[in-house]
Amino acid sequence: MNGIFIEDKRLGIRLPHLDKPWEDYSPNEQEAILLEWEAIRGLIPDRIAALEREINEKQDALGQEADFARSCRLNAEVAELASIINDLWIWYRVSPNISFNIFPKEVSHF
């Protein structure tokens with residue numbers, strides 16, 4: 001779905017950016033959007049697992065780091081990765097309500 005899903009570099013997945021109200025999309029377009037989102041959603045657990053491995057590596061390095069400034073940088077990197085994981089879990093839980101054919105309104109990208 002060109003133009004509907006845009007790569008979010010921070011999260012490492014494509015996110016929906018609807019350019020018109022949901023009800024203005026044809027039923028076929030809505031179905032295609034929903035199918036594409038489900039495919040993207042399916043990638044999120046693997047992305048989270050990769051980030052968790054990266055956190056573990058940084059925590060291992062942090063446990064052996066003697067330089068305070070480097071420790072602070074590693075700690076900040078771990079915090080950012082954890083924040084990304086949190087955001088990914090939020091997106092993973094965004095499941096369009098098929099019976100109403102709309103994405104939840106509380107998600108700002110929709």
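## Charges over rings

A charge sits over a ring if NZ of Lys or CZ of Arg is within 6 Å of the ring centre and within 35 degrees of the ring normal. In this predicted model, Lys20 meets that description with Tyr25: its charged end sits over the Tyr25 ring, 4.7 Å from the centre.

Arg41 does the like with Tyr92. The charged end of Arg41 lies over the Tyr92 ring, at 4.7 Å from the ring centre.

## Overall layout

The protein chain contains two helices and two strands. Along the sequence the order is β-β-α-α. The chain has 110 residues, and 31% of them count as buried.

Strand S1 covers 5-8 and strand S2 covers 13-16, with a loop between them. Helix H1 spans residues 27-64, and helix H2 spans residues 68-93.

## Helix packing

Two packed helices are described by the angle between their axes and the distance between the axes. For H1 and H2, the angle is about 160° and the axes are 9 Å apart. Angles over 145 degrees count as roughly antiparallel, so H1 is roughly antiparallel to H2.

The crossing of H1 past H2 is left-handed. Residues of the H1 contact with H2 divide into 18 nonpolar, three polar and six charged.

## Aromatic pairs

How many aromatic pairs does the structure hold? There are four. One of them joins Trp22 and Tyr25. This pair is tilted, with 6.1 Å centre to centre and 50° between the planes. Trp22 and Tyr25 are both buried. Tyr25 is also the residue whose ring lies under the charged end of Lys20.

Trp37 and Trp91 form an edge-to-face pair. Their centres are 5.7 Å apart, and the planes make an angle of 65°. Trp37 belongs to helix H1 and Trp91 to helix H2, so the pair ties together parts that are 54 residues apart in sequence. Trp37 and Trp91 are each buried. Ring pairs also bring in Phe5, giving a cluster of Phe5, Trp37 and Trp91.

Val94 lies in the segment after H2. Is Val94 buried or exposed? Its relative accessibility is 5%, so Val94 counts as buried; the cut-off for buried is under 20%.

## Two partly exposed positions

Gly12 is in the loop between S1 and S2. Its relative accessible area is 35%, so Gly12 is partly exposed. What separates Gly12 from Ile44 in sequence and in space? The gap is 32 residues in sequence and 9.0 Å in space, C-alpha to C-alpha.

Leu62 is in helix H1. With a relative accessible area of 26%, Leu62 is partly exposed. Leu62 and Asn75 are 13 residues apart in sequence. In space, their C-alpha atoms are 7.3 Å apart.

How values were computed: Residues numbered from 1 in each chain as written. Predicted model: local features only at pLDDT ≥ 70, side-chain atom pairs only at ≥ 80, totals over all residues. Heavy atoms only, no water. Axes fitted to C-alpha atoms, helices over the stretch in contact; angles between N-to-C directions. Helix = DSSP H or I, 4+ residues; strand = E, 2+ residues; numbered from the N terminus. Parallel < 35°, antiparallel > 145°, perpendicular 65-115°, else oblique. Left-handed = near helix turned anticlockwise from the far one by under 90°. Nonpolar A, V, L, I, M, F, W, Y, C, P; charged D, E, K, R; others polar. Phe/Tyr/Trp six-rings, centres within 6.5 Å; stacked < 30°, edge-to-face > 60°. Buried < 20%, exposed > 50% of the residue type's maximum accessible area, 1.4 Å probe, protein only.
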